[in-house]
Amino acid sequence: ICNTGIRQFPDLTQIFSLEAHFILELCDNLRMTIIPQNAFQGMNNESLTLKLYKNGFEDIHSHAFNGTKLNQLILKDNKNLRRIHNDALRGATGPDVLDISSTALESLPSYGLEAIQVLNATSSYSLKRLPPLDKFSSLLEAVLTYPSHCCAFRNLRTEKQNLLLSIFDNFSKECESTMRKPTHEMQDDSAERNTHPFGTDDESSPYSYPTIFDDSEVAGFDFEYDFCQPKVLTCTPEPDAFNPCEDILGYSFLRVLIWFINILAIAGNFTVLLVLLTSHYKLTVPRFLMCNLSFADFCMGLYLLLIAAVDAQTSGQYYNHAIDWQTGSGCSTAGFFTVFASELSVYTLTVITLERWHTITYAMQLDRKLRLRHAVPVMAFGWAFSVGIAVLPLLGVSSYMKVSICLPMDIETGLAQAYILLILALNVVAFVVICACYIKIYVAVQNPELVAANKDTKVAKRMAILIFTDFTCMAPISFFAISAAFKVPLITVTNSKILLVLFYPINSCANPFLYAIFTKAFRRDFFLLLSKLGCCKSRAELYRMNYFSAYNSNCKNGGTATAPSKASQALLLLSALEK
């Protein structure tokens, strides 16, 4: 019944065929929208093949296939088919083959899948989740849309193999214990049963299968077939290198570490932002830059928190959530956060370093001092640049959907490859600028004759820590990312997740401590804030007195000084590092 204008499903219950293999072909009936209950009941008592393709079906009702023995159920190319009732196959036997290719189905029925041996679901893009795997107890071949779904069947295959090995191990142990019996006992037992000790199928024999195994262990197994010719479940498409069969974070220890790291990044940077923004002291250029840096690193902490939360939620069943996560707004948001935070953090670190170099180099030239009106447009450009770089993958330049950790790893096109190389090149340039500036600062003030050794050492240690954290964060990421951008990957996606958790967020965790929390100025502001809440009032008063004493001393010295000495430059450098 093909290519008609029929609106209602035809009454097929008056067909009583005695054919052993009955085939019904119902196709290209675009006005037919539903398959009702008992639609095929009584047509045939033997094997039935239903070819119901390219129709206008939108819904298949409960018990639609009741009373049939289905061999093949072909529902492909029903573009509008969005729902098969959970009980649509109730009352039916089979099907052995189910084809739902090119449909809009979002889920499969929970009943009636046990007999399916071949499942074809290609181009079924709305089918993002599979029923519980134990429903596919007879499945031998699956042709699906998404590679992640094959991970589910790979795990299922492993479980079946482990069960077979367990049964075989029990069998071997029983044989071994039997062989230890004295020979005359085995002969007596054999004579009594008039059979070989290992050849009987008599359930009363101590050597029969029911004696060795429990019924629950051997249920569903054909020993001659399962042991000699084990069933192999084949599934396509196979998972690729970008999406291996694993959870988002892959390793168990990373699942624990990422929570400590993201909490540290979020708590540290939030504290810095809170203290700096609530301080009653004047908003200086270093404070303004530190606020920007803390916000960028706070966003990196949010990215790690989002990844950790989704990993915990989907642990053990990521294959059923992979499509929703990677193609949804969650992964896009996480990807935007990490690229925006990374680029804004690197940009702000570079500006902070240049500001320190400028402060030391032109310490006595007040007309060249950086003001807030200079820093605001510089950081406005940094924000615009970071937002632009993070938005590009959302507009089709590379993609956040390529991997489960939502980094822009898509390098299929030349434009995407250029995008990745641009980001990496800018990060390398920023690191070189930071190193060069700190080296120049140190060389400018390093003078054993005029600077106390302990002050010189303190400057060197502080600079070494700043450069080391930047290098630890940027070097491994840049090295492996550049090789991957040229399509010569030196590390797998699974191992790259170690870099993501252990190296990628180092700056976000360390920056609030190195640039703020460990400085005297921040501690002063922190205790002053606590004093407003009724805590640590005496400590806050001490910091307040020290601040005014230092301020008055600087004003007196500033009035008589005529030229910067190396010692004063070193002290000014330490002051800049403290800020």
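Select Asp247 to begin: at 16% relative accessibility this residue counts as buried, a term that here means under 20% relative accessible area, with exposed meaning over 50% and partly exposed in between (1.4 Å probe, protein chains only). The model is predicted, so local features need pLDDT of at least 70 and side-chain atom pairs count only at pLDDT 80 or more, while totals for chains, interfaces and linings use all residues. Residues are numbered from 1 along each chain as its sequence is written, and side-chain values use heavy atoms, with hydrogens and water left out.

Stay with Asp247, which sits in the loop between strand S10 (234-236) and helix H6 (252-278); helices (H or I, at least four residues) and strands (E, at least two) are DSSP runs, numbered from the N terminus. Leaving out residues up to four places away in sequence, Asp247 touches Arg255, Asp311, Thr314, Ser315, Gly316, Gln317, Tyr318 and Lys497, where contact means heavy atoms within 4.5 Å.

Next, select helix H7 (residues 285-314), whose 30 residues should span 44 Å at 1.5 Å a residue, in agreement with the 44 Å between its end C-alpha atoms; the expected span is 1.5 Å times one less than the number of residues. Of the 30 residues in H7, 23 are buried, and just after this helix Gly316 takes a positive phi of about 85°.

Now select Phe340 and Trp383, an edge-to-face aromatic pair with 5.5 Å centre to centre and 65° between the planes. Rings of Phe, Tyr and Trp (its six-membered ring) pair if their centres lie within 6.5 Å, and planes under 30 degrees apart count as stacked, over 60 as edge-to-face and the rest as tilted. Phe340 belongs to helix H9 (residues 329-361) and Trp383 to helix H10 (residues 372-391), 43 residues apart. Phe340 is buried at a relative accessible area of 5%, whereas Trp383 is partly exposed at 31%.

Finally, select residues 558-579, where pLDDT, the predictor's confidence in each residue from 0 to 100, stays under 50. Where pLDDT is low, the predicted coordinates should not be read in detail.
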